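Trainee: Could we go through this one together before I write my notes? I'd like to start where the two chains meet.

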Amino acid sequence: MNNITEFIARNRYSHMIILALLLAVVLPLSMDIFRLNLVGKYLTYAFVALGLVLCWGYGGILSLGQGVFFGLGGYCMAMFLKLEASSPENTQIQSTPGIPDFMDWNQITELPWFWEPFHSFGFTLVAVLVVPALFAFIIAVAMFKRRVGGVYFAIITQAIAAILTILIIGQQGYTGGVNGITDLRTLNGWDIRTDSAKYVLYYVNVVLLFACIFIAGFVVKSKLGRLLVAMREREDRVRFSGYDVSNFKIFVFCLAAMISAIGGAMFTLQVGFMSPSFVGIVPSIEMVIFCALGGRLSILGAVYGTLLVNFAKTSFSESFPELWLFAMGALFIGVVMAFPNGLAGIYQTYIEPRLISKKKGYEKEDPKKKDDNPALANPEEEKTHA
Amino acid sequence: MFAEYTASELTSIFAMQGFAGLILFSVFVLMALGLAIIFGQMGVINMAHGEFMILGAYVTYLVSHLFADYMPESLYNSYFLIAMVLAFFVAGALGAFVEWAMIRHLYKRPLDTLLATWGLSLIMQQTYRTVFGAREVGVVLPDWLMGSVQLTDMIEIPINGIFVMILTVVITIGVAIMMQRSRLGKQTRAVVQNRPMAAAVGINTEKVDRLTFALGCGIAGIAGSAFTMIGSTGPTSGQLYIVDTFLVVVFGGAASLLGTVASAFTISQAQSTMEFFLSGSMAKVLTLLTVVGILMLRPEGLFTLKIRR
């Protein structure tokens, strides 16, 4: 038994394998499709939390507007699906057949130009990645080249989230307004609402999540990751060493935006709609707590943090809705005041040392070690929540 | 877009919208004053600032009910003054407690302060919802605040609006004098400019921090109290204004009171004038976009204090 726990704690990939087994085998076998679809929805938020680990945990850039990128990715996908769902045959009863129903309700008679390219699936896939990245790039260049950072950046990203939400709700005819883009049916003729489609999409989601985990792990382990940490701690010194600090920040912010956008697109596919309630200030800041609970320096912790908070949210709001905001508020305060490194920090400090009988070969700074996984501490807890 | 209006109509429109802008300006200034002290002077991000404001509004609501139920009718007209003072002290006391329990441990981690105070704001919101219910509540205005002044045929100005504006001017001048002249104001500025030296000349910096934070929260309480004059209060009303308020403070140059007032004026006037010609949401989007755009070009804001850090 000792050997097994020691192996788990020391082996580089063991934590990742445990997470993979949990997501790909344990959860699908132990849940019905409704619950599994819910897990799939939570996992799309994990993409955002993963992006935040990179740009907040490692880069020290706290963005309170990650919902913007999640939303942009989701809206790109939703626009494609909506166009497919509103073919002329399906929308014969409208006064203008062939355009989405909410446009018809708002007396718009022609498809707006920015909707046109979303007839093509290829273009949509590219747009899901490029549109949010481009948007992030514009924000990041404007801010970081002028050395705006810290709380100012947080406030401005929050303002951007507010602006985009107001814009989407206000331009009802072009965006579907407060209801968002709903009633999505098929992806290239394949019905996404059936149970089998939900299973397929869940696994696609898990695979994409792991792809992003590998990318994030690669970035963190590379020289770039070291520079990000250095930059977070002493920006001036990195600058004096001859590095252009702003370019690293721009890169990591755009990468985080792209990862969030993938999550948004998968959200649209699995849940079947996209609305401004996932773009605004409140969801954006909630996504920060997913990351903070899991541990802002832990890539796998972000996934566990997201799952735990969302399971808690679902079970709380089912039984004691009025307690949920208290619990959420206490979570924000508690994590920040008592456990700045989240669950991963607790695991590293209290649990991992017990798994390893000898300290030999334990490198504190090895990023892989930071990716440790709180599931070992409570593997049962997640299942009971489900 | 101006073609369909005559010249006198346009003047009236601008006067009325300008006045609506002035009321919005008063709300912004009152909210931003507290934040300018907490964020501008201390560098603490208090996301629960809106909730402190709402606390003041609920205190006013309670006091007005107490007066209506237990006091002679003749006294009802003066409830507002008492409510305002009470709102200041209740919000200030809670602010001092929050500083002691939470903020003081986080001065070195501004981003974490932001998250912790957001958590606080969630808890406060839910408390209001549990205590006062989810519906918005309003107060009955005393007689002397009802009605409006007819300036010309087309221009009409509500008295409660005028009252809120006068209140704003008085409070702003009071805060300015206090920051410039009083002992606490001088100590606060000394601590902000150079903490070790301020401590070295015998200023109790921790006490100054606590009093400054309490003062900022107290002013938010007054703002909430004034807010009941022109609108109703719900558990989440504070959240609606928090981003606007932060932008006002940042846009004005965080450490400058004059800048805060100037930027509150610019933003509120731009928004209310545009609101008449565009839809409300587009006016807001354009205003916020302009502010964010200007902040990208000039991150330090309109007015800056040159101090050595």
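Trainee: Which residue of chain B does A:Arg296 form a salt bridge with?

Mentor: In this predicted model, A:Arg296 pairs with B:Asp112, and their closest N and O atoms are 3.2 Å apart. The pair runs from helix H4 of chain B (residues 110–132), where B:Asp112 sits, to the loop between helix H13 (281–294) and helix H14 (299–319) of chain A, where A:Arg296 sits.

Trainee: Are those two buried or exposed?

Mentor: B:Asp112 counts as buried because its relative accessibility is 3%, and A:Arg296 counts as buried too, at 14%.

Trainee: How many salt bridges does the rule find across the interface of chain B and chain A?

Mentor: The rule finds 1 salt bridge across that interface, whereas a search of the whole structure, over all chains, finds 15.

Trainee: And what about the interface itself, how much area do the chains bury between them?

Mentor: Chain B and chain A bury about 3500 Å² between them, with 84% of that on carbon and sulfur atoms. On the chain B side, B:Leu111, B:Leu115 and B:Met296 supply 19% of the area buried against chain A, which is more than any other three residues give. In terms of contacts, 40 residues of chain B are in contact with 40 residues of chain A.

Trainee: Back to salt bridges, but inside chain A now. Which residue does A:Lys249 pair with?

Mentor: A:Lys249 forms a salt bridge with A:Glu235, with the closest N and O atoms 3.2 Å apart. A:Lys249 lies in helix H12 (residues 245–271) and A:Glu235 in helix H11 (residues 235–240) of chain A, so the pair ties together parts that are 14 residues apart in sequence. A:Lys249 is buried, with a relative accessible area of 10%, while A:Glu235 is partly exposed at 25%.

Trainee: Which residues do salt bridges with shared partners join into one network?

Mentor: The network consists of A:Glu235, A:Asp236, A:Arg239 and A:Lys249, joined by salt bridges that share partners.

Trainee: I also flagged A:Asp183 on backbone grounds. What is its phi?

Mentor: A:Asp183 has a positive phi of about 60 degrees, although it is not a glycine. Most residues other than glycine have a negative phi. A:Asp183 is placed in the loop between helix H8 (172–175) and strand S1 (186–187) of chain A, and it counts as partly exposed because its relative accessibility is 36%. A:Asp183 also forms a salt bridge with A:Arg185, the closest N and O atoms being 2.9 Å apart, and A:Arg185 is partly exposed as well, with a relative accessible area of 26%.

Trainee: What about the phi of A:Asn188?

Mentor: A:Asn188, again not a glycine, has a positive phi of about 50 degrees, and it is found in the loop between S1 and strand S2 (190–191) of chain A.

Trainee: Changing topic, which residues form the nonpolar patch on the surface?

Mentor: The patch is formed by A:Tyr13, A:Ile17, A:Leu21, A:Val25, A:Leu29 and A:Phe214, which together have about 610 Å² of accessible area. Helix H2 (residues 14–30) of chain A gives the largest share, 4 residues, whereas A:Tyr13 lies in the loop between helix H1 (2–10) and H2 and is partly exposed, with a relative accessible area of 38%.

Trainee: And helix H7 of chain A, how far does it reach?

Mentor: H7 of chain A (residues 150–170) has 21 residues and reaches 30 Å from its first C-alpha to its last, close to the 30 Å expected at 1.5 Å a residue. The helix is mostly covered, since 15 of its 21 residues are buried.

Trainee: Last one, in chain B: where is B:Ile230, and what is it in contact with?

Mentor: B:Ile230 is placed in helix H8 (residues 205–230) of chain B, and it is partly exposed, with a relative accessible area of 31%. Leaving aside neighbours within four places in sequence, B:Ile230 is in contact with B:Ile23, B:Val27, B:Asn160 and B:Val164. B:Ile230 and B:Val27 are 203 residues apart along the chain, yet their C-alpha atoms are separated by 9.5 Å.

Definitions and conventions:
Residues numbered from 1 in each chain as written. Chains lettered and ligands numbered in written order. Predicted model: local features only at pLDDT ≥ 70, side-chain atom pairs only at ≥ 80, totals over all residues. Heavy atoms only, no water. Patch = residues over 30% accessible without salt bridge, like charges linked within 9 Å, V, L, I, M, F, W, Y side chains within 5 Å. Areas by Shrake-Rupley, 256 points an atom, 1.4 Å probe, with all protein chains shown as cover. Salt bridge = Lys/Arg side-chain N within 4 Å of Asp/Glu carboxyl O. Helix = DSSP H or I, 4+ residues; strand = E, 2+ residues; numbered from the N terminus. Buried < 20%, exposed > 50% of the residue type's maximum accessible area, 1.4 Å probe, protein only. Expected span 1.5 Å × (residues − 1). Contact = heavy atoms within 4.5 Å. Buried area = accessible area lost by both parts, 1.4 Å probe.
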